[in-house]
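Subject: A structure for you to look at

Hi,

Here is the structure I promised to pass on. Have a look around it first, and then read my notes below.

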Amino acid sequence: MAILELENVEAHYGDLQALFGISLSLQKGSVHSVIGANGAGKSTLLKVIAGSMQPTAGRVIFNGQDLNKVSGFQRVKSGISLVPEGRRIFPSLTVEENVKVGAYAKRVGYWNADTVRTLYPLIADRWSRLGFHCSGGELQMIAIARALMANPDLLLIDEASLGLAPIVVAQVYESLSQIVAQGTSVLLVEQNVSQALKASTTASVLLEGRAVLTGKSDELSHEAIKNAYFGIGVA
Amino acid sequence: MIWTNAILQGLLVGGLYALLASGLSLVFGVMRIVNLGHGDFSILAAYLVLIVAGHSNLWLGTIAVLPIMALLGYALQRSLLNRALSLGVLSPLLITFAFSIILQNALLKIFSSDTRSIQTESLGSASLKITESISVGYLPLITFFVGVILTLTLHVFLTRTQLGRAMRATSDDPTAAELIGINNRHIYGLATGIGLFAAGIAGILFGMRTQFSPSLGPVALIFAFEAVIIGGLGSLWGTLVGGIVLGIGQSIGAQINPAFGVLAGHLVFITILLFKPQGLLSKQRGT
């Protein structure tokens with residue numbers, strides 16, 4: 001069963017069109033990665049799904065419900081959480097407060113302050129530190145923990161590994177399998193192609209706002225991905 | 001002994017300024033809106049109590065008026081100020097300036113420019129004798145403790161409750177707050193609601209202590225604003241300290257020469273602005 005379906009989604013920044021007829025289907029309990037170069041429209045796609053940006057055409061259907069009339073903050077209540085680009089941790093709140101405020105939407109489920117601390121022991125160590133004073137890797141873990149506190153059915157992660165040390169990237173990806181094991185579907189935006197393919201069941205490659213290649217992660221050839229990523233052989 | 005008395009009386013007046021300022025401070029802290037009508041809203045609350053108390057009694061009046069102030073704040077934020085916020089920093093400022101003008105003139109039209117006060121029977125003049133030469137009025141004492149309790153309550157609300165955390169999160173980063181399911185417009189409405197609730201408490205206690213007229217709002221705003229700046233923007237405890245510093249400054253000034261009171265308060269404000277412009281207890285990080 002599809003948890004998320006996009007039908008011919010288009011989006012604009014003013015006159016500039018960022019997404020062209022994107023259609024995508026994400027199965028419940030799966031991990032889908034969206035790969036693409038800078039400016040390919042990956043973050044825009046996540047913003048449209050999370051509701052912080054309105055599509056100019058097309059439909060976003062989540063759990064069978066058309067989301068076009070549902071505003072951003074209400075989508076969290078419906079079960080979509082976004083880990084935003086740049087992590088956006090609240091600087092004047094402590095790590096504990098950042099995590100706990102994530103439960104604002106009051107959705108019940110496996111994730112709570114204790115289970116996310118078990119998932120990320122590192123942030124448990126930083127529990128009473130201000131968000132302002134945390135390092136990049138810590139911020140990413142806090143951001144994911146904060147999103148998990150809403151017990152989402154669908155977790156959107158923008159640039160999961162950007163700017164992180166390899167060991168932190170490994171920890172973040174390791175946690176992903178535990179998140180999926182609790183029944184959450186994940187849509188992942190990545191620039192790190194091999195990492196994304198390893199972690200996901202299906203993948204799409206975006207090129208200049210169009211989905212040029214979609215398939216099962218383990219069936220996509222490197223050659224095909226490379227061509228799609230760089231637009232080789234695309235008219 | 002005269003000076004001890006001056007400092008003590010100043011401290012108690014400071015409690016009133018802190019009360020006036022706490023709502024202003026909260027609204028500014030959450031939305032970066034300076035509510036230029038804040039003082040007029042507190043005067044409005046005093047007049048509302050006069051009306052309600054005329055038909056029942058004083059305490060019932062106070063209990064009835066404060067929720068009205070909170071609802072008014074929420075409604076004004078959701079209807080006008082939220083829209084203005086999306087248009088830039090100047091629009092909300094202009095709107096609150098309009099609130100100030102409208103309130104002053106409406107109050108003038110309805111109640112005339114005669115000074116009024118809220119009658120508290122014996123409470124207004126009763127006092128507690130501390131030594132032979134120092135005694136403090138019950139009403140100033142109550143005002144001071146209400147100020148401390150309000151600050152403490154707001155502090156606990158902002159740090160210990162989920163709604164308070166959400167308010168601080170929205171203040172930090174409204175976009176990220178929406179991403180965790182917070183409706184910013186609702187949070188802003190609550191902040192202004194609490195702000196006018198606090199303005200109401202201040203206005204009512206002010207009206208019990210002294211005489212007021214429709215034109216007093218801007219003066220109240222200036223004292224409140226000075227208290228916020230002295231204490232440091234964005235810090236509630238700072239606002240309490242700022243109110244007390246301002247009160248003591250005025251009181252000592254008045255002790256030197258009765259005409260100097262208000263002027264001395266302004267001088268204290270300017271001195272702090274010169275030497276510690278970020279305020280005494282500022283939480284602002286260097287950017």
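How many residues of chain A are in contact with chain B, and how many of chain B with chain A? The count is 21 residues of chain A and 21 residues of chain B. Please keep in mind that this is a predicted model.

Let's start with the interface. The two chains bury about 2,000 Å² between them, and 62% of that lies on carbon and sulfur atoms. On the chain A side, Phe73(A), Phe90(A) and Tyr104(A) supply 35% of the area buried against chain B, more than any other three residues.

There are also polar links to find. Two salt bridges are counted between chain A and chain B. In a salt bridge at 2.7 Å, N to O, the side chain of Arg88(A) meets that of Asp173(B). Five residue pairs are in polar contact between the chains. On chain A, helix 2 and helix 3 (95-101) each give two or more residues to the side that touches chain B. That side divides into 13 nonpolar, four polar and four charged residues.

Next, the second largest pocket, which holds about 300 Å³ of space. It is lined by 16 residues, and the closest to its centre are Pro174(B), Thr175(B), Glu178(B), Asn184(B) and Arg185(B). Both chains take part: helix 2 (72-78) of chain A gives two or more residues to the lining, as do helix 3 (58-85), helix 7 (174-179) and helix 8 (184-209) of chain B. Helix 7 of chain B makes the largest contribution, with four residues. By class, the lining has five nonpolar, nine polar and two charged residues.

Happy exploring!

Conventions:
Residues are numbered from 1 along each chain as its sequence is written. Chains are lettered from A and ligands numbered from 1 in the order in which they are written. This is a predicted model: local features need pLDDT of at least 70, side-chain atom pairs count only at pLDDT 80 or more; totals for chains, interfaces and linings use all residues. Side-chain values use heavy atoms; hydrogens and water are left out. On a 1 Å grid over the protein atoms alone, a cavity is a set of points where a 1.4 Å probe fits but cannot get out, and a pocket is an open set with protein on both sides within 12 Å along at least five of seven lines; lining residues have an atom within 4 Å of a point. Grid points are joined across faces, edges and corners, and a volume is the space filled by probe spheres set on the points. Ala, Val, Leu, Ile, Met, Phe, Trp, Tyr, Cys and Pro count as nonpolar, Asp, Glu, Lys and Arg as charged, and the others, Gly among them, as polar. Contact means heavy atoms within 4.5 Å. Buried area is the accessible area (1.4 Å probe) that two parts lose on being put together, summed over both. A salt bridge is a side-chain nitrogen of Lys or Arg within 4 Å of a carboxyl oxygen of Asp or Glu. A polar contact is a pair of N or O atoms within 3.5 Å; within protein, one must be able to donate a hydrogen and the other to accept it, and residues adjacent in sequence count only if both atoms are side-chain atoms.
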